[in-house]
Amino acid sequence: MKRIKQTDKQKSAILKIALFATGISGIVAEYILSTLASYFIGNAVVQFALIVSTMLFAMGFGSRLSKLIEKELLVKFIYLELILSFLVSFCALAVYVTYGRYSPVLIYALSIVVGLLIGLEIPLVTRLNEEFEELKVNVASVLEKDYYGSLVGGLFFAFVGMPFLGLTYTPFVLGALNFIVALFTFLYLRKIIKKRSRANLALSFVFVGITIFVGLLFAKPIVLFGDQKKYRDKIVLQEETQYQKIVMTEWQENYSLFINGNLQLSSFDEYMYHEPLVHPVMNLVPKRKRVLVLGGGDGCAVRELLKYQEIVSIDLVDLDPKMTALARKNELFLSMNKGALNHKNVTIKHEDAFQFLENNKVLYDVIIIDLPDPNNVDLNKLYTREFYFLCSKRLTHNGAMITQAGSPYYASKAFYCIEKSMQASGFKTLPLHNQILTMGEWGWIVGSKVLSQNEIKTKMIAFDYEKLKLKWLNNEAAQAITLFGYPLVDTTNTSINTLFNPVLYTYYKSGNWKIY
């Protein structure tokens, strides 16, 4: 067996450290581009699958191309590391700056280029390292370091990058890591690099290092510039969390809340959404002491609930702590929700709504579901028969629930699919709808464990809404929101949405959103 000198072991270790850093940067680049694709294109599951698959394909093609590189392998490897450092650092900024119809093209182009670079690097390191280790050890140790780096990169992205740095700074941290390791490799192995190549590499390090540093300094205003191109009105607040991107815009003293680019509410007319969401269902039950709100992290639904003095407990379950922190502390949110989430009777829990219902044993008189539209597989599960069955288990005998159900006209099949799924879990249902000026025609489905549809409607209309002194919902409006014409499309064969047959999000995506 070939005897390896101590210096050769060190050189081999340097190459493996560089590849370990590449593994970290590469996997994080995949996740960054996948997250950007879900923000800008939509459907997170599809985008993650396509981006990862595309990058893996590009890595394979890059490995094939690496056989064309024959001279100065170390120099070529360091150049590849520098290019990768640059691309990883600026991938998010480039997508934000070029926001528009070319964003999808750029995202997938970047995934291909990054994949090619990583695919080129692994065979190059293997060939460089063959001087220091025999074949079976060489191949195993090189791939090992790359895969270990991928694990570290995934953990970093999930638990540090997205929660604390966001898409603004995470790319620069990983790009800087790759740059530092490449620089260390260059400095340690510079003596085996030709003098002219050393000079060119030194200049390249200076250029890339300065560029990354300047990009880091101006990252936040560049992202704001890119974000602003997406919105018609001025951005006055933006927060990137591990779950979503929260943006607030201002127009003539009115504020609009967007999550991942989708409008959630406008202070101009949000009460036209939240009053029908809360008050009809609250008046279907004989007692209303305990209420559960799933979603609704903006606090506006809770604001309406606090108009009922007999409520002793409101549990609000929202996945994102930053969302509820804004609703509790930010002046823009407080102006809308009147500080509702700071009330002594309100308890906030940061959990997945499905898991909360599975694990919680408390019974509620009313459940109000104010979750984002079911536009992807992740959200689809929160509109399934199984989810509504869990809601039924958490309601008292005479309990009732209501869920926002999207638009009965822009996504008719999705709307009636939600109603069928609730009925399949044992609820008697009544659909509601209202024309909300900033959002268009929107709808809700009320469900009762004991009342028939006619009884729900009769009881709901019989209540005197005037005594609540609401901003929009009155006795006439309460009757109007129960009135429907025929659906715009045939919904007779609409399937029930289940965990094992997640059809709802496909109905939603195939709606009439082009005329929205």
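This is a predicted model: local features need pLDDT of at least 70, side-chain atom pairs count only at pLDDT 80 or more; totals for chains, interfaces and linings use all residues.
Leu334 itself belongs to helix α11, which spans residues 331–337. Its separation from Leu143 is 53 Å, C-alpha to C-alpha. In sequence, Leu334 and Leu143 stand 191 residues apart.

Helix α4 covers residues 103–129, and helix α5 covers residues 135–189. The two pack at an angle of about 140 degrees, and their axes lie 10 Å apart. An angle counts as roughly antiparallel only over 145 degrees, so α4 is oblique to α5. Leu143 is one of the α5 residues in this contact, along with Asn138, Val139, Ser141, Val142 and Asp146. From α4 come Ile122, Val125, Thr126 and Asn129. The crossing of α4 and α5 is right-handed.

Helix α5 also packs with α3. Helix α3 runs through residues 73–97. Here the angle is about 170 degrees, and the axes are 9 Å apart. That angle is over the 145-degree limit, and α3 and α5 are therefore roughly antiparallel to each other. Their crossing is left-handed.

Next comes α3 with α6. The axes of these helices come within 11 Å and cross at roughly 10 degrees. Angles under 35 degrees count as roughly parallel, so α3 is roughly parallel to α6. On the α3 side, the contact is made by Val75, Ile78, Tyr79, Leu82, Ser85, Phe86, Ser89, Phe90 and Leu93. On the α6 side, it is made by Ser197, Asn200, Leu201, Ser204, Phe205, Val208, Thr211, Ile212 and Gly215.

Now turn to a surface patch. Val206, Ile210, Phe213, Val214, Leu217 and Phe218 make a nonpolar surface patch of about 590 Å². Among them, Ile210 is found in helix α6, residues 195–217. Ile212, by contrast, is listed among the α6 residues in contact with α3.

Definitions and conventions
Residues are numbered from 1 along each chain as its sequence is written. Side-chain values use heavy atoms; hydrogens and water are left out. Patches are made of residues with over 30% relative accessible area and no salt bridge: like charges are joined within 9 Å, nonpolar side chains (Val, Leu, Ile, Met, Phe, Trp, Tyr) within 5 Å. Accessible areas come from the Shrake-Rupley method with a 1.4 Å probe; for residues, only the protein chains shown count as cover. A salt bridge is a side-chain nitrogen of Lys or Arg within 4 Å of a carboxyl oxygen of Asp or Glu. Helices (H or I, at least four residues) and strands (E, at least two) are DSSP runs, numbered from the N terminus. Axes are lines fitted to C-alpha atoms, for helices over the stretch in contact, and angles run from 0 to 180 degrees between N-to-C directions. Angles under 35 degrees count as roughly parallel, over 145 as roughly antiparallel, 65 to 115 as roughly perpendicular and the rest as oblique. A crossing is left-handed if the near helix is turned anticlockwise from the far one by less than a right angle, and right-handed if clockwise. Contact means heavy atoms within 4.5 Å.
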